[in-house]
Amino acid sequence: MSENKAKVKVPRTVWVLGLVSLFMDISSEMIHALLPLFMAGTLGAGALWIGLVEGVGESTALVTKVFSGVIADRFGHKKWLVFIGYFLGVLSKPAFALAGSLPMVLGARFFDRIGKGLRGAPRDAIIAEVTDESIRGSAYGLRQALDASGAFIGPLLATLLLLTWTQNLRHIFWIALIPGILCLMLILFGVKEPAGRSAPHKAIGLPDLKRAATPAFKTLVALGVLFSLARFSNAFIVLRAADIGIEQTWIPLIMVLVNLAFSLSSYPFGYLADRMNPVKLLGLGLCLLAASDVAFALAQSPVMLLAAVILFGLHLGATQGIFSTLISLTAPQEVRASAFGLFNFFSGLALLAGGLIAGSLWQLWGAQYCFASAALFALATLTYLCRHPNLAQRHE
């Protein structure tokens, strides 16, 4: 079995989609690493407003996936849905640079995340279609690793620009357009859907989403909701760094470290998911998340903060690609894009609630209560996961 797996290679399309994710994440994270500081410093936002912006932004992306998934399954042409999603993301970048008020930032974030929502489900479905089931964990892990590489290169570039060029955050937001344009070129000339797999399934529509709701998939959705409540926006990590006295110039490096740990661990965890029960890896990821939240709550020095940041990045590597692998295994092929969308719809609602809870706790009682609540949600999710050790079963 292991010899057969060794002969199967990750398809070229997966590599291209990974590079697309890399360039878009460079573009987006150059902005997102500085956006909490921009809102708090330049525009005078409080923690609750920042939590609202981040929660609305991320949940919009995840909720939109349910519609893009249904459209992809019903009409086909997943590649063009992916392109439109990335195109909207690129178009939103100038709005951040031009924003003069918090509502305009919220609007730009909303528009940007609609693009993310449109591209996510069809992209993940394409990966499942072009990849042999025996190496799906590796394929999703590879794409996630390249995605996370962009997520640490972006903040690193933002830091270098702050150090060597300008302290004006708007100028850096304009530079972020360049890698976004590169990702669009890659989609146009490098992504190919498999022959015979992009045909539409005309019978599929919103009322038919119950086809995706296998028992294992329902359990997975419930798990995703609990997990989203436990893992709120990265913006709170940035705010925590500022809270303990780290200078603005160096704060983007915090997200560099998060995503470096994420990138380096994603493929190894995906590789392991092809060779052992992925549920065990999710359990490890939740333990890492709980430990990270406790460290964030107790952090009073840069050393403790860095430990929390590394643990947070490792938890992402142990969970994000593996959730995608489990969705591809538990949902029927003909409604797989819809299944990705459904999973992210419910996770998106929970992420919005988690952002509002976190922002409220921070504003009312401080950072310690914010991160302590996240640790409790992580432990509750782990308890639920332990009741379903056989979740990783292929749909028949």
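These exercises, each with a worked solution, concern a predicted model.

Residues are numbered from 1 along each chain as its sequence is written, and side-chain values use heavy atoms, with hydrogens and water left out. Local features need pLDDT of at least 70, side-chain atom pairs count only at pLDDT 80 or more, and totals for chains, interfaces and linings use all residues.

**Exercise 1. Cysteines**

Find how many disulfides the structure has, and say how far the sulfur of cysteine 386 is from the closest cysteine sulfur.

Solution. Start with the criterion: a disulfide is a pair of cysteine sulfur atoms within 2.5 Å. The search of the whole structure returns zero disulfides. Next take cysteine 386: the closest cysteine sulfur belongs to cysteine 287 and is 7.9 Å away, too far for a bond. Last comes exposure, for which buried means under 20% relative accessible area, exposed over 50%, and partly exposed in between (1.4 Å probe, protein chains only). With 57% relative accessibility, cysteine 386 is exposed, whereas cysteine 370 is buried at 0%.

**Exercise 2. A nonpolar patch**

Identify the residues of the nonpolar surface patch and the helix that gives the most to it.

Solution. Patches are made of residues with over 30% relative accessible area and no salt bridge; like charges are joined within 9 Å, and nonpolar side chains (Val, Leu, Ile, Met, Phe, Trp, Tyr) within 5 Å. Accessible areas come from the Shrake-Rupley method with a 1.4 Å probe, and for residues only the protein chains shown count as cover. The patch consists of Trp80, Ile181, Met185, Leu188 and Phe189, which together have about 520 Å² of accessible area. Helix H9 (residues 177-190) contributes the most, four residues. Methionine 185 sits in H9 and is partly exposed at 42%.

**Exercise 3. Salt bridges**

Give the number of salt bridges in the structure, then describe the partners of aspartate 112 and the pair formed by aspartate 147 and arginine 143.

Solution. A salt bridge is a side-chain nitrogen of Lys or Arg within 4 Å of a carboxyl oxygen of Asp or Glu. The structure has six. Aspartate 112 pairs with lysine 93, with the closest N and O atoms 3.1 Å apart. Aspartate 112 is in helix H6 (residues 102-130) and lysine 93 in helix H5 (residues 78-98), so this pair ties together parts 19 residues apart in sequence. Aspartate 112 also bridges to arginine 113, at 2.7 Å between the closest N and O atoms; both of these residues are buried.

Now take aspartate 147 and arginine 143, whose salt bridge has an N to O distance of 3.6 Å. They are four residues apart in helix H7 (residues 136-164), about one helical turn. Aspartate 147 is buried at 13%, and arginine 143 is buried at 5%. Finally, salt bridges with shared partners join Lys93, Asp112 and Arg113 into one network.

Conventions:
Helix = DSSP H or I, 4+ residues; strand = E, 2+ residues; numbered from the N terminus.
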